[in-house]
Amino acid sequence: MAANGFFAVGRQTFISACGLGINPACAFLVMACGTGKDNVSTRWSAEAVGNHAGMRWSAAKEAIEALCNAELVTKGGKPARPNYKLKKEGELIWLPRTLVEGAANELAPLVKLRQTQDHMALRLLVELYTAQNLREDGGINTKTVYQAFDRRKAGQQGAYTVWDFTSGSIYVVWSEAVKAHRREVLTAEEKKEGKNAGVDFFRRLDTLKALGLIEWVPYLYEGDDGEPIHPVAWNGLPMEKDLYKAATAAGIRMLTGGQNDHLEGIPVPVPNHITEAAMIGIARLKYRPHTAMTAAWWAQHQSICEGFTEKYNSLAVPAAKAHTGTFGPDF
């Protein structure tokens, strides 16, 4: 069985499994979750697939047979206790075991996705893991999908400008991870409704969000083409929520009563020299593989959030209570 809370599938092999339908695609992920260190050999069979994907035993057996007939899985061993070898073609995609096994007493995400009966929604979720780099981007790279924010100057106090950020539209860039969801031909009704080539992608992305598999995390950036500074997420991790409260409270303290009356979104004080400050919504997959890279991101992210929270709490408060520390090198 795969160790350390994660397992891998070959990208091209998984795409081929999706082409067989939702049941074979789910069966392939379950069997992959049950592999050893080689991410190829497994004894997880119809019973495991049925239990983890929420299928009847007969449906699970048919799904495995479909994978074998397509030569994506090879069956060996004795009939009473078979073993399997999974094909591993293409780039490796590292996935968290919790996608298949669930966390605590929840219904496993794989079961929920199977219940949608949309194999392409499952494919989208798996392929998005290739576009997520938590340590570099805080989530899925903005060259794949992002949410735009508008900004206006709410006020200024001393060395800080308070920007008021309001959320806008979500955009997709047709990178390798999502290009399969681009619709080339629209129906007349869809054209009339103003739909575009992203109609299927956004529908599936909404499905992933509704199932709790993806979340949007606003990030403060130096500018549209600048570096990320820190999250400003009212709906994120506990440390991110603390930072959001500190940043917005500081922004409110640095504005007059009249200026506060005109706030429309998220007020954040930013040093005056960062003239192109921007806010960009980052899509983040909520189930994360427990890898060394994830652990490194967590430690770094916690340090960043705590440091900025402390600094924001010190802004625009009575001198006796103010903290004399400074922002880190990113601010």
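Contact here means heavy atoms within 4.5 Å. Helices (H or I, at least four residues) and strands (E, at least two) are DSSP runs, numbered from the N terminus. Axes are lines fitted to C-alpha atoms, for helices over the stretch in contact, and angles run from 0 to 180 degrees between N-to-C directions.

The model is predicted: local features need pLDDT of at least 70, side-chain atom pairs count only at pLDDT 80 or more, and totals for chains, interfaces and linings use all residues. Residues are numbered from 1 along each chain as its sequence is written, and side-chain values use heavy atoms, with hydrogens and water left out.

Six strands form an open sheet in the order 11-10-13-8-9-12, with antiparallel pairing; two strands count as paired if DSSP finds at least two bridges between them. Strand 11 (228-231) and strand 12 (266-271) stand at the edges with a single partner strand each, so one side of each has no neighbour in the sheet. On average, neighbouring strands of this sheet are turned by 40° against each other, direction ignored. Strands of a sheet pair through backbone hydrogen bonds, either parallel or antiparallel.

Individual pairings can be followed from strand 8. Strand 8 (residues 145-157) pairs with strand 13 (residues 278-285) in the antiparallel sense over two bridges, and Gln147 has Gly281 in strand 13 as its bridge partner. With strand 9, strand 8 pairs in the antiparallel sense over eleven bridges; here Arg151 stands opposite Phe165 in strand 9. The hairpin of strand 8 and strand 9 has two residues between the strands, and in this hairpin Gly158 takes a positive phi near 55°. Strand 9 is in turn joined to strand 12 by six bridges, the two strands running antiparallel, and Asp164 stands opposite Pro267 in strand 12.

Two helices lie across these strands. Helix 11 (residues 238-253) lies across strand 8, strand 9 (160-172), strand 10 (214-221), strand 11, strand 12 and strand 13, and runs at about 80° to strand 12. Helix 13 (residues 292-314) lies across strand 9, strand 10, strand 11, strand 12 and strand 13, at about 80° to strand 11.

The next region is built from helices. In helix 6 (residues 109-116), the buried residues are Pro109, Leu110, Val111, Leu113 and Arg114, where buried means under 20% relative accessible area, exposed over 50%, and partly exposed in between (1.4 Å probe, protein chains only). The elements covering these buried residues include helix 2 (22-33), helix 3 (46-53), helix 5 (98-101), helix 7 (119-128) and helix 10 (199-210). Just after helix 6, Gln117 takes a positive phi of about 60°.

Helix 7 and helix 10 also meet each other. Their axes come within 9 Å and cross at roughly 75°. Helix 7 is therefore roughly perpendicular to helix 10, a term that covers 65 to 115 degrees, while angles under 35 degrees count as roughly parallel, over 145 as roughly antiparallel and the rest as oblique. The residues that meet are Met120, Ala121, Leu124, Leu125 and Leu128 in helix 7 and Phe201, Arg204, Leu205 and Leu208 in helix 10.

Arg204, placed in helix 10, is buried at a relative accessible area of 10%. Leaving aside residues up to four places away in sequence, Arg204 touches Asp118, Met120, Ala121, Leu124 and His181.

Charged pairs come next. The whole structure holds 16 salt bridges, each defined as a side-chain nitrogen of Lys or Arg within 4 Å of a carboxyl oxygen of Asp or Glu. One of them links Arg183 to Glu190, with the closest N and O atoms 2.8 Å apart, and Glu190 is buried at a relative accessible area of 15%. Salt bridges that share partners join Asp118, Arg183, Glu190, Asp200, Arg203 and Arg204 into one network.

Glu101 and Arg97 meet through their side chains at 2.6 Å, N to O; Glu101 is partly exposed at 35% relative accessibility, whereas Arg97 is buried at 8%. Arg182 pairs with Glu184, the closest N and O atoms being 3.5 Å apart. Arg182 is partly exposed, with 38% relative accessible area, and Glu184 is exposed, with 64%.

Finally, the cysteines. The structure holds zero disulfides, a disulfide being a pair of cysteine sulfur atoms within 2.5 Å. For Cys26, the closest cysteine sulfur belongs to Cys18 and lies 8.4 Å away, too far for a bond. Cys26 is buried at 0% relative accessibility, and Cys305 is buried at 1%.
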